[in-house]
Amino acid sequence: MFVEGKPILETTFGLVLKKWRGQRRMSQLDLGLEANVSARHISFLETGRAKPSQPMVMHLCETLGVPSAVRNSILNAAGYAPVYKSRELGEEDMAHIREAVNWTLSRHDPFPAMALDRHWGVVNANKSATMLLSGAGLSEGDSLLEAMANPAIMRSTFENWQEVAQHMVTRLRTESEHLGGDDILENAAAILQKSLVKDGFQSSSELPAVVPARYYTGGIVLSFFSTLSQFGSAEDIALAELKIEMMFPADDATRETLFKLAGAQQTAPAN
């Protein structure tokens with residue numbers, strides 16, 4: 001069950017634990033070995049015969065890779081108060097994080113880079129990414145998921161939209177599974193999949209090492225592959241879900257064009 005993209009967890013810790021163990025495809029023995037707890041104790045926790053301590057709840061969540069956004073609900077189910085907060089990137093105590101994000105994005109120019117939230121909202125973008133986004137009528141604060149739900153916009157943005165859409169379907173479903181199920185991500189994947197079926201798209205039997213995204217912009221085509229970075233030690237909910245997508249040229253022509261555009265911008269006279 002879901003409400004506004006967030007899963008409604010069962011009311012007892014035992015059912016929650018069993019759900020996430022199943023989500024991670026682990027037996028009670030598997031989880032016990034990973035968490036250094038007996039399989040019998042895992043069974044007792046799931047059936048309610050044993051009550052976990054707060055540190056045990058945190059330990060099992062860590063072992064199962066439960067996202068921070070869900071851990072508060074699991075703590076509540078076990079009878080404990082939430083411990084995870086969700087801060088805005090602009091808050092005072094996030095200054096160092098904000099500087100790190102801005103530094104990463106700006107240093108990646110003239111290649112595109114942007115920071116995205118859980119549901120692919122554009123939190124921040126460097127100059128090159130801003131240029132790409134503007135080609136699709138997007139800017140900071142907009143949702144890439146909403147844009148992808150409009151095939152007309154995406155077909156005018158990507159030369160190889162069907163290949164990109166197929167990759168996005170897999171990525172969205174993988175992210176949803178990691179989060180324990182997210183209806184917004186799943187719905188976006190379903191829309192893309194439906195579009196591919198309607199177009200009769202069939203993927204090639206031989207896939208390349210990466211699937212480049214080829215953008216139309218300014219009458220030319222720029223080709224990119226992407227890498228994703230996240231804050232591995234983040235305990236804040238919003239920060240743990242923040243992704244930095246960094247794009248790299250997939251061919252020499254794209255690389256040369258980006259450096260030429262960057263040079264032209266630097267030498268252009270001020271208005």
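Helix H10 gives the largest share of the lining of the largest pocket, eight residues. The structure is a predicted model, in which local features need pLDDT of at least 70 and side-chain atom pairs count only at pLDDT 80 or more, while totals for chains, interfaces and linings use all residues. Residues are numbered from 1 along each chain as its sequence is written, and side-chain values use heavy atoms, with hydrogens and water left out.

The volume of the largest pocket is about 670 Å³. On a 1 Å grid over the protein atoms alone, a pocket is an open set of points where a 1.4 Å probe fits, with protein on both sides within 12 Å along at least five of seven lines, and lining residues have an atom within 4 Å of a point. Grid points are joined across faces, edges and corners, and the volume is the space filled by probe spheres set on the points. The lining comprises 33 residues, of which Val 164, His 167, Met 168, Arg 171 and Glu 245 lie nearest the centre of the pocket. Two or more lining residues come from each of helices H7 (127–135), H8 (144–148), H9 (151–157) and H10 (161–178) and strands E5 (213–217), E6 (220–229) and E7 (243–249). Helices (H or I, at least four residues) and strands (E, at least two) are DSSP runs, numbered from the N terminus. By class, the lining has 24 nonpolar, six polar and three charged residues; Ala, Val, Leu, Ile, Met, Phe, Trp, Tyr, Cys and Pro count as nonpolar, Asp, Glu, Lys and Arg as charged, and the others, Gly among them, as polar.

Across the whole structure, 11 salt bridges are found (a side-chain nitrogen of Lys or Arg within 4 Å of a carboxyl oxygen of Asp or Glu). In one of these, the closest N and O atoms of Glu 46 and Arg 21 are 2.6 Å apart.

Glu 175 and Lys 243 form a salt bridge with an N to O distance of 3.9 Å. Because Glu 175 lies in helix H10 and Lys 243 in strand E7, the pair ties together parts that are 68 residues apart in sequence. Glu 175 is buried, with a relative accessible area of 15%, and Lys 243 is buried at 5%. Through shared partners, salt bridges join Arg 171, Glu 175, Lys 243 and Glu 245 into one network.

Six aromatic pairs are found in the whole structure. Rings of Phe, Tyr and Trp (its six-membered ring) pair if their centres lie within 6.5 Å; planes under 30 degrees apart count as stacked, over 60 as edge-to-face and the rest as tilted. The pair of Phe 158 and Tyr 215 is tilted, with ring centres 4.6 Å apart and planes at 45°. Phe 158, in the loop between H9 and H10, and Tyr 215, in strand E5, are 57 residues apart, and both are buried.

How values were computed: Buried < 20%, exposed > 50% of the residue type's maximum accessible area, 1.4 Å probe, protein only.
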